[in-house]
Amino acid sequence: MAGKIRLSSLAVTLLAVLCACAGPATPMAEASPETPLHTASGMPMMLYTHCGIEELRVDDTFFLAETPLNDGQGNPPPGWGNPYQAGTVTVAGSEAVFRDDNGHIVTFRARTGATGFLKICS
């Protein structure tokens, strides 16, 4: 499972590099609390933060932050790593929670039927 997450993180990184900054795409789907997903606890995660904390992918599920975080200029807020923040993610149903050793906690909601990120950032 950890290898699959590392591979997913690598794929996201490569996609971001290849696509550079792109404007927001048309949403594929809205967040929904009814999405049936697996449960995983404390998986290591390198959260991509370069353009703020807005989206997350775990396996084939795309999540949207309940409260997106940025510095107002499209960067992560002070105290966050850039372009990544190391931590863990716990997925339960349609909710994913990212936590790190600095005390950051961000809750994400699954985007039902999503097949890609809403925004790709360089």
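Me: How many residues of β2 are buried?
Reply: Five of its six, so to speak: β2 is mostly covered. Buried means under 20% relative accessible area, exposed is over 50%, and partly exposed is in between, with a 1.4 Å probe and protein chains only as cover. Strands here are DSSP runs of E with at least two residues, helices are runs of H or I with at least four, and both are numbered from the N terminus.

Me: And where do these coordinates come from?
Reply: This is a predicted model, where local features need pLDDT of at least 70 and side-chain atom pairs count only at pLDDT 80 or more, while totals for chains, interfaces and linings use all residues. Residues are numbered from 1 along each chain as its sequence is written, and side-chain values use heavy atoms, with hydrogens and water left out.

Me: OK, back to the strand. How many bridges join β2 to β3?
Reply: Five, and the two strands run antiparallel. Strands pair if DSSP finds at least two bridges between them.

Me: What do β2 and β3 form?
Reply: A hairpin, with two residues between the strands. D59 sits in that turn and has a positive phi of about 55 degrees, although D59 is not a glycine.

Me: Is D59 buried or exposed?
Reply: Buried, with a relative accessible area of 10%.

Me: Which residues does L56 touch?
Reply: Leaving out neighbours within four places in sequence, L56 is in contact with M45, L47, T61, F62, F63, V89, A96, F108 and F117. Contact means heavy atoms within 4.5 Å.

Me: How many residues are in the largest nonpolar core?
Reply: That core has 16 residues, and L56 is among those with the most contacts inside it, along with L47, V58, F63, V89 and F108. A nonpolar core is a set of buried Ala, Val, Leu, Ile, Met, Phe, Trp, Tyr and Cys residues joined through side-chain atoms within 4.5 Å.

Me: Which elements give two or more residues to this core?
Reply: β1, β2, β3 (61–69), β4 (84–92), β5 (95–99) and β6 do. As background, nonpolar side chains tend to be buried together in soluble globular proteins.

Me: New topic. How many disulfides does the count come to?
Reply: One. It joins C51 to C121, with S to S at 1.5 Å; the rule asks for a pair of cysteine sulfur atoms within 2.5 Å.

Me: Where do C51 and C121 lie?
Reply: C51 lies in the loop between β1 (40–48) and β2 (53–58), and C121 in the segment after β6 (105–110), so the pair ties together parts that are 70 residues apart in sequence. Both C51 and C121 are buried.

Me: Why is the disulfide right-handed?
Reply: Because the torsion about the S-S bond of C51 and C121 is about 60 degrees.

Me: How many salt bridges does the count come to?
Reply: Five. A salt bridge is a side-chain nitrogen of Lys or Arg within 4 Å of a carboxyl oxygen of Asp or Glu.

Me: Which residue does E54 meet in a salt bridge?
Reply: K119, at 3.3 Å, N to O. That pair links distant parts of the chain, with E54 in strand β2 and K119 in the segment after β6, 65 residues apart. K119 is partly exposed at 28% relative accessible area.

Me: And which one meets E55?
Reply: R111, at 3.7 Å, N to O. E55 lies in strand β2 and R111 in the segment after β6, so the pair ties together parts that are 56 residues apart in sequence. E55 counts as buried at 11% relative accessibility, and R111 counts as buried at 3%.

Me: Which residues are linked in a network of salt bridges?
Reply: E66, E95 and R109. Within it, R109 and E95 meet at 2.7 Å, N to O.

Me: Last one: which residues does a cis peptide bond join?
Reply: N82 and P83, with omega at about 20 degrees. P83 is in the loop between β3 and β4.
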